[in-house]
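Here is a quick tour for anyone opening this structure for the first time. Have a look at the sequence and the 3D view, then read on.

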Amino acid sequence: MGGPNQNELIITGDGSHSLRSHRYDVAYHSTHGAVQESLHVFIDAGLRPVLATAPEQIRVLELGFGTGLNALLVYRLAGEHPATKFTYHAFERHPLAGDAVCQLNYPQVLQCPSDHLLVLHQTPYDASASAVSFNFTLSKTDTDYLQGLSEAWRGLSYDLLFYDAFAPNSQPELWTPEALRLAYDALAPGGVLVTYCAKGQFKRDLKEVGFQVEALPGPPGKREMTRATKNPAPSSEGPG
């Protein structure tokens, strides 16, 4: 076992790796399957519906870069959509050490080049956005989301928010109405928040700050997940 701020490598139900945080005493992903959870919640319920509209640009914000799995899935999908520009920004208060990253088997499970995950982790924190590929730009911030979002990224509007903080029992401050108001303000009109969390109070708080909330079937091992949409801007067109 590691120290209080270290992580333990675990194998999840679909054969993909995850980590157990000793700091928060919780796994980074579902023990039923890390890759299948991320695909189900963040890609299939979040990114693919946005991609279906054939946008020229998709701006993604992630709360909790963690192992980099979600970013890797988006980077991988960007290669299949060369006409779309992907801009990805992530908040991560406790970046992983390089030796932990090297142990993760996501490139093998996803059958993508082994250096793709490393490139994402090697992108420096708190620096200018890095062009990882011709249509995928990444920036990462080692800052408290509750303090850094409104200052460092004021005025930016995201199309999609991966709300992937540790569970409310572990990081309660990131699931408050105040935190969700930051999320609402960060999204463009019609923007979407997706998360594995389906707690009743969380969904009530989302509605209270202005989101339209959907309860969707969850990934294996979880009955439900949540997708929340920011109300679109009212049309400026008058009556015909």
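Predicted model: local features only at pLDDT ≥ 70, side-chain atom pairs only at ≥ 80, totals over all residues.

Glutamine 111 sits in the loop that runs between helix H4 (106-110) and helix H5 (115-122). Its phi is near 55°, a positive value in a residue other than glycine.

Aspartate 25 also has a phi near 55°, again positive in a residue other than glycine. You'll find aspartate 25 in the loop between strand E2 (17-21) and strand E3 (26-27). Is aspartate 25 buried or exposed? With a relative accessible area of 60%, aspartate 25 counts as exposed.

The strands on either side of aspartate 25 belong to an open sheet of three strands, in the order E1-E2-E3, with antiparallel pairing. Which strands stand at the edges? They are E1 and E3: each has a single partner strand, so one side of each is left without a neighbour in the sheet.

Zoom in on E2 and E3 and you'll see that they run antiparallel, joined by two bridges. Here arginine 20 stands opposite alanine 27 in E3.

## The largest pocket

Next up, the pockets. The largest pocket has a volume of about 690 Å³. It is lined by 41 residues, and the closest to its centre are Tyr28, Gly66, Glu92, His94 and Phe166.

At least two residues each come from strand E1 (7-11), E2, strand E4 (57-63), helix H2 (69-78) and helix H3 (98-103). Sorted by class, the lining of the largest pocket has 16 nonpolar, 16 polar and nine charged residues.

## The second largest pocket

The second largest pocket holds about 380 Å³ of space. Which of its 24 lining residues are the closest to the centre? The answer is His29, Ser30, Glu37, Tyr196 and Lys222.

E3 and helix H1 (34-51) each supply at least two residues of the lining of this second largest pocket. H1 gives the most, with three residues. By class, the lining of the second largest pocket is made up of 13 nonpolar, seven polar and four charged residues.

## Around glutamate 224

Last stop: glutamate 224, which is found in strand E11 (residues 224-230). Leaving aside residues up to four places away in sequence, glutamate 224 touches Tyr196, Ala198, Lys203, Ala215, Leu216, Pro217 and Gly218.

What do the polar contacts of the glutamate 224 side chain look like? One, of 3.2 Å, joins it to the side chain of lysine 203. Another, of 3.4 Å, joins the side chains of glutamate 224 and arginine 223. As for glycine 210, it lies 14 residues from glutamate 224 in sequence, and the two are 21 Å apart in space, C-alpha to C-alpha.

Key: Residues numbered from 1 in each chain as written. Heavy atoms only, no water. Helix = DSSP H or I, 4+ residues; strand = E, 2+ residues; numbered from the N terminus. Contact = heavy atoms within 4.5 Å. Polar contact = N/O pair within 3.5 Å; in protein donor to acceptor, adjacent residues only side chain to side chain. Buried < 20%, exposed > 50% of the residue type's maximum accessible area, 1.4 Å probe, protein only. 1 Å grid on protein atoms, 1.4 Å probe; cavity = no way out; pocket = protein on both sides within 12 Å on 5 of 7 lines; lining within 4 Å. Points joined across faces, edges and corners; volume = space filled by probe spheres on them. Nonpolar A, V, L, I, M, F, W, Y, C, P; charged D, E, K, R; others polar. Pairing = 2+ DSSP bridges.
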